[in-house]
Amino acid sequence: ELSQRLTVVGKAVPKGARLADIGSDHAYLPVALMLADKITYAVCGEVVAGPFHSAQTQVAKSGLTEKIVVRLADGLAAIEPADNINAITIAGMGGTLIANILENGKIQGQLTGKERLILQPNVGEANVRFWLQKEGYQIIEEDILAENDKIYEVIVAEKTGVKQQLSEKEVFFGPHLLAEKNSVFLKKWQQEQQALKKVLTQLQKAKVIPEEKVAAIQKELSWIEEVLSC
Ligand code: SAM
């Protein structure tokens with residue numbers, strides 16, 4: 001049974017897609033999507049030998065070796081032109097790493113701009129949105145969910161040709177999540193507010209107060225207060 005987190009990621013994969021799942025670990029997502037007839041082909045990319053073998057084992061056990069290819073590769077280097085990939089999922093890692101993987105893929109030419117990107121950063125979501133905006137992607141959908149006491153965001157983006165100009169605040173909170181402000185979103189930012197207040201108290205106790213850091217946190221806290229108050 002797929003986790004709720006990966007189920008939400010999978011929902012954003014277009015029907016009939018040719019999918020690249022990068023950092024696939026056990027290949028749970030592509031295997032589940034293939035068994036549900038949601039995708040027609042998949043590449044699982046893994047950079048670490050252990051998870052790479054887990055993915056191979058899972059694909060073989062599910063009898064899907066003809067439709068799912070597992071490759072040991074760093075980031076989007078797992079993708080070959082003949083794969084004709086039109087959807088990429090990158091889930092369960094930090095936002096900075098996700099943005100780096102996308103940036104390297106762009107430089108190396110594996111990312112063509114025709115793929116739908118479905119990204120699930122565990123932390124540092126703003127880094128992902130910042131990269132997408134910089135590269136002319138449009139964030140077409142966002143989701144937020146709680147599972148096992150953790151809160152996860154899912155960001156879906158495409159290069160539609162329509163320029164999306166996000167404000168700094170939209171990059172920080174997520175444009176769709178900010179517009180919707182559902183209960184999970186409010187809970188996330190209440191928790192974040194508590195955590196940031198603690199950090200601020202600590203910083204202000206330092207012998208030499210790091211003014212820039214303090215100012216950055218105060219700015220974020222004022223945004224969060226504003227968002228939580230209305
Ligand atoms: N995507 C799965 C999920 O969401 O449940 C697995 C997440 S797991 C925490 C992250 C995986 O990404 C690890 O198996 C790790 O080896 C892999 N990974 C990290 N950096 C990578 C990279 N540059 N290229 C490919 N895989 C990477």
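Okay, let's start with charge: the mean positions of the 26 positive and 29 negative charges of the protein chain sit 2 Å apart. Here Lys and Arg count as positive, Asp and Glu as negative, with His and the chain ends not counted, and each charge is placed at NZ of Lys, CZ of Arg, CG of Asp or CD of Glu.

Some housekeeping. This is a predicted model, where local features need pLDDT of at least 70 and side-chain atom pairs count only at pLDDT 80 or more, while totals for chains, interfaces and linings use all residues. Residues are numbered from 1 along each chain as its sequence is written, and side-chain values use heavy atoms, leaving out hydrogens and water.

Now the overall picture. The protein chain has 9 helices and 7 strands; those are DSSP runs, H or I of at least four residues for helices and E of at least two for strands, numbered from the N terminus. Its C-alpha trace spans about 60 × 35 × 35 Å along the principal axes.

What share of the 230 residues counts as buried? That's 47%, with buried meaning under 20% relative accessible area, exposed over 50% and partly exposed in between, using a 1.4 Å probe and protein chains only.

On to strand β2, residues 39-46: 7 of its 8 residues are buried, so the rest of the structure largely encloses it. Strand β1, residues 17-22, pairs with β2 in the parallel sense over 6 bridges; pairing takes at least two DSSP bridges between the strands.
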